[in-house]
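Dear colleague,

I am passing on the structure that follows, together with some notes on how parts of it are arranged. Please read them with the model open beside you.

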Amino acid sequence: MTKTLLTTELPGLPVVRGKVRDIYDLGNQLLLVATDRISAFDHVLPNGIPDKGRILTELTAFWLEFLEAPNHLLSTNIDDVDLPMGSDLDQFSGRSMLVRKAEVLPVECVARGYLAGSAWQEYQSTGKVCGFELPGGLRECDKLPEPIFTPATKAERGEHDENISFARAVETIGQDRAELVRMLTLELYGKAAQHAESRGVIIADTKFEFGVINEQVILIDEVLTPDSSRFWPADDYKPGRSQPSFDKQYVRDWLLQSGWDRNSPPPALPEDVVAKTRQKYVEAYEKITGREFE
């Protein structure tokens, strides 16, 4: 198994470190570097998942090419980036995206095709999801009559995203842009879900982010990865229960059983949990792309 990369360094360049990505400001461009950090329950864990950053980057690049939507990606080749002399390029290889800098729209754009997660919890309480009146009697993980757009606030670091109504999205980014991102979100989700299902993967829901460059709304950030989506194996799909998934399920399950209180610093993951989680990320990549992960 390859070495785990938890942080990167580029002396002299401004950097913002998210839960997974190190984002370097290059002026008119950004360098997005996906590390192998992994988070759960709003905490970054002390050890990561080997190759996770490479998988997220390669899967995003695949989807951007497949979807053919206007986006911010310029290159995934680190040799195309003008970095300071003497920079260690090995740490960035295969996990970096050189992108155009955009004005980020402050709304998470979520498409849901199945009733899971916070949508299932809200439905149980109200019979609705983000203002959508749904049929009665739906079970956990049931397929919805049609995909729905459920926007959310972009939470500050350490806080949870909050599901909001479409009306509140309009208040936040304006009527025209809200209608546009709703249309784009559902179109992109529909195209991706159809492809994934042909490869044996159900995309239960996914989160897109959009930005603006020269008045054009474009797709930004990671796209349709296990970190931003729920991927389920189609051959094991059974509504009425939670589904096995291609993501950090092993991490969440182990943490819940470990006795960790979710307030103190999280414990390190055992080697078998790390290995199983990496295997799920690799499996998702290979199923969706039809390519072997090297």
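In what order do the 5 strands of the open sheet stand? The order is 1-2-3-7-6, and the pairing is antiparallel, where two strands pair if DSSP finds at least two bridges between them, and where strands (E, at least two residues) and helices (H or I, at least four) are DSSP runs numbered from the N terminus. Strand 1 (15-17) and strand 6 (73-75) each have a single partner strand and stand at the edges, so one side of each lacks a neighbour in the sheet.

This is a predicted model, in which local features need pLDDT of at least 70 and side-chain atom pairs count only at pLDDT 80 or more, while totals for chains, interfaces and linings use all residues. Residues are numbered from 1 along each chain as its sequence is written, and side-chain values use heavy atoms, with hydrogens and water left out.

Strand 1 is joined by 3 bridges to strand 2 (residues 21-25), to which it runs antiparallel, and Arg-17 stands opposite Asp-22 in strand 2.

Helix 1 (residues 52-67) and helix 6 (residues 271-289) pack at an angle of about 20°, their axes 10 Å apart; axes are lines fitted to C-alpha atoms, for helices over the stretch in contact, and angles run from 0 to 180 degrees between N-to-C directions. Helix 1 is therefore roughly parallel to helix 6 (angles under 35 degrees count as such).

How values were computed. Parallel < 35°, antiparallel > 145°, perpendicular 65-115°, else oblique.
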